[in-house]
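Me: I would like to go through the fold and the helix packing of one model. Please show it before we start.

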Amino acid sequence: MSTTSKSGKLAVSPLAPEKYAVLPPLDGVRIATAASGMRYKGRDDVALFVLDNGTTAAGVFTTSKAPSAPVEWCKARLVAGKGAARALIVNAGNANAFTGQLGAEALLEVAGATARAVGCRRGDVFAGSTGVIGVPLDAAKLLDVLPDLAGGLGPDNWRAAAEAIRTTDTFAKLATATAEIDGVSVTINGIAKGSGMIAPDMATMLAYVFTDAAIPADVLQTMLRLTVDDSFNNITVDGDTSTSDSLMLFATGKAAHKPIIRAGDPRLRDFRAKLDIIMWDLARQVVCDGEGATKFVSITVTGAANTRAARRIAMSIANSPLVKTAIAGEDPNWGRIVMAVGKAGEAADRDSLRIRIGGIVVARDGAVDPDYVEATVAKHMQGDEINIDVDVGIGNGASTVWSCDLTHGYIDINADYRS
């Protein structure tokens, strides 16, 4: 369980991967990290990515009506700069959210200083911040470490960057894949942070994905919107959408393949498949690092009126505190699943409802299955991966979402988050 240890650090989630992905150098990307002391002591908390000239960018961001200053900045720069990018700076410990004009001014100062340090226009600098909401960002702390960041750039610092952007995360999240475009090998590397305040749209986290493929910004944007809908928009830890959600995709253009001009180009088929894998991988890692989580939960809803309805029902189950605590207690209380389906606000046929837990039918035709033996499902509930399948008997809509259980560890982490 990812609770606080005697050392004051969070114990690594029991759902953490056995080993980290090793991300290879990616042509056109150099990375450095540093310790600003913004909030954390004895660890790096700032990551700087410097991108070669010609890099394009795309992004999707939180739907919160109280977005952070970096979210507003990045959205504006993607439009004004037509997707051009030369640098990305990310800090942990302070979200620079709900900080008003002070937050905007601090961001301008950091972006300007970053541009001078790496030799680009301020408008080509993107930024991300994560941490406490409502505390003014101390720009001076970031400016103080910029010389060290600019002087420490290297191609192999992916793991360090993933570590630096963590807040309550108990492990760094990394993924890599190789794809082919026109027979040319291209690399896709991604890192993410996220542990609590996780729910669409578009899932509470920061994620940054990079490729050496040569893809224009508008094509990147289309692909990103499509892939996020089936990955990060299908996860939840606690139902709370952050002010800071940011997922950005950068393409340095260093790979020597023929130009791509549209998202539907069949030459992108393998690239899009591998991009999906990266996004699914990172999204799953975020759920596996849910605050206090001990179980990874997959919920599939079928038989809904449409895909949107299926997702809404699945999210109703995934976000139910009663369902989540039953899972934490290893209690196959399927009545709580029925409750969550009923409250979702989407069409469902009570008398056709069918529920499986761990592949075992527990309820069908509006009642408990006559052959149901609770002990068999209880054994499945003792594992660290729980599978719930629900058919609501209305149509052909289907959706799968990923979530985790709700333990006392979640309370421990969030009750004293600012302490």
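Reply: Helices (H or I, at least four residues) and strands (E, at least two) are DSSP runs, numbered from the N terminus. The model is predicted: local features need pLDDT of at least 70, side-chain atom pairs count only at pLDDT 80 or more, and totals for chains, interfaces and linings use all residues. Residues are numbered from 1 along each chain as its sequence is written, and side-chain values use heavy atoms, with hydrogens and water left out.

Me: How many helices and strands does the protein chain have?
Reply: The runs are counted over the protein chain. The secondary structure comes to 11 helices and 15 strands.

Me: What radius of gyration does the protein chain have?
Reply: The radius is taken over C-alpha atoms, and the globule rule is 2.2 Å times the number of residues to the power 0.38. The C-alpha atoms fill a box of roughly 70 × 55 × 40 Å along the principal axes. For 419 residues the rule puts a compact globule near 22 Å, so the chain agrees with it at 22 Å.

Me: Are helix 8 and helix 9 roughly parallel or roughly antiparallel?
Reply: Axes are lines fitted to C-alpha atoms, for helices over the stretch in contact, and angles run from 0 to 180 degrees between N-to-C directions. Helix 8 (residues 321-328) packs on helix 9 at about 160°, with the axes 9 Å apart. Angles under 35 degrees count as roughly parallel, over 145 as roughly antiparallel, 65 to 115 as roughly perpendicular and the rest as oblique. Helix 8 is therefore, relative to helix 9, roughly antiparallel.

Me: Which residues of helix 9 meet helix 8?
Reply: Contact means heavy atoms within 4.5 Å. On the helix 8 side are Leu 322, Val 323, Thr 325 and Ala 326. The residues they meet in helix 9 are Arg 336, Ile 337, Met 339 and Ala 340.

Me: Which residues of helix 7 make the contact with helix 9?
Reply: The axes of helix 7 (residues 307-318) and helix 9 (residues 334-343) come within 8 Å and cross at roughly 135°, so the two helices are oblique to each other. Helix 9 contributes Ile 337, Ala 340, Val 341 and Lys 343. Helix 7 contributes Ile 313, Ser 316 and Ile 317.

Me: Is Gly 292 buried or exposed?
Reply: Gly 292 is found in the loop between helix 6 (269-288) and strand 10 (296-304). Buried means under 20% relative accessible area, exposed over 50%, partly exposed in between (1.4 Å probe, protein chains only). With a relative accessible area of 0%, Gly 292 is therefore buried.
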